[in-house]
Amino acid sequence: MLLITLWLLQDLLTVFSGGGMQIPGLFMLGIVYKLLLDKNDEDGLWAIWSAFAGGILWDLRWVGIPGFFTLGYVAAVMIVIQVWAFIPPQGRVSGSGLLIFALLEVSQLLPPMLPVLILGGSTGGNFFIWQQVYSLPAILLTQYIYSQRVKDLQKV
């Protein structure tokens, strides 16, 4: 339910911005947030399918070319899953602020980078740079929420 809400919120904000402002990938931040908190599912298959479904819907809604952002969404989730699998459970909790930031940043960096690589740097480059600027507060807020959630889980 969280992911659907974030996808709809991201879509709504994109509509309201009217193309004047690049909206951060709230949907992808939600997937990575849930993936980092998920302790039961080792393979993260739900995250890959969620990224695929969200990406294909985003492509059909905004880009018009299926697979444009879908590839970036799925690749970002797979990178997060692989990196997170290499970290032992003890290392995931203590002193992992920079790691969490990097994993959240991958979710914001990779999907919009593909259009820049495909379309070139003239128009796609500005899109990419402004989306990264606007994504930073969302990444920091997600990291703060994640750290508070981990602290709450450690108290129990």
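**Salt bridge and buried charge in a predicted model**

The side chains of Arg61 and Asp11 meet in a salt bridge at 3.1 Å, N to O. This is a predicted model, in which local features need pLDDT of at least 70, side-chain atom pairs count only at pLDDT 80 or more, and totals for chains, interfaces and linings use all residues. Residues are numbered from 1 along each chain as its sequence is written, and side-chain values use heavy atoms, with hydrogens and water left out.

Trainee: Which helices hold Arg61 and Asp11, and how many residues apart in sequence are the parts that the pair ties together?

Mentor: A salt bridge is a side-chain nitrogen of Lys or Arg within 4 Å of a carboxyl oxygen of Asp or Glu. Helices are DSSP runs (H or I, at least four residues), numbered from the N terminus. Arg61 lies in helix α3 (residues 45-63) and Asp11 in helix α1, so the pair ties together parts that are 50 residues apart in sequence.

Trainee: Is Asp11 buried or exposed?

Mentor: Buried means under 20% relative accessible area, exposed over 50%, and partly exposed in between (1.4 Å probe, protein chains only). Arg61, at 42%, counts as partly exposed. Asp11 has a relative accessibility of 10%, so Asp11 counts as buried.

Trainee: Which backbone nitrogen does the side chain of Asp59 reach?

Mentor: Asp59 lies in helix α3. Asp59 is buried yet has no salt bridge, and the nearest side chain of opposite charge (Lys and Arg count as positive, Asp and Glu as negative), Arg61, is 12 Å away. At 2.7 Å, the side chain of Asp59 reaches the backbone nitrogen of Phe69.

Note on methods:
Helices (H or I, at least four residues) and strands (E, at least two) are DSSP runs, numbered from the N terminus. A polar contact is a pair of N or O atoms within 3.5 Å; within protein, one must be able to donate a hydrogen and the other to accept it, and residues adjacent in sequence count only if both atoms are side-chain atoms.
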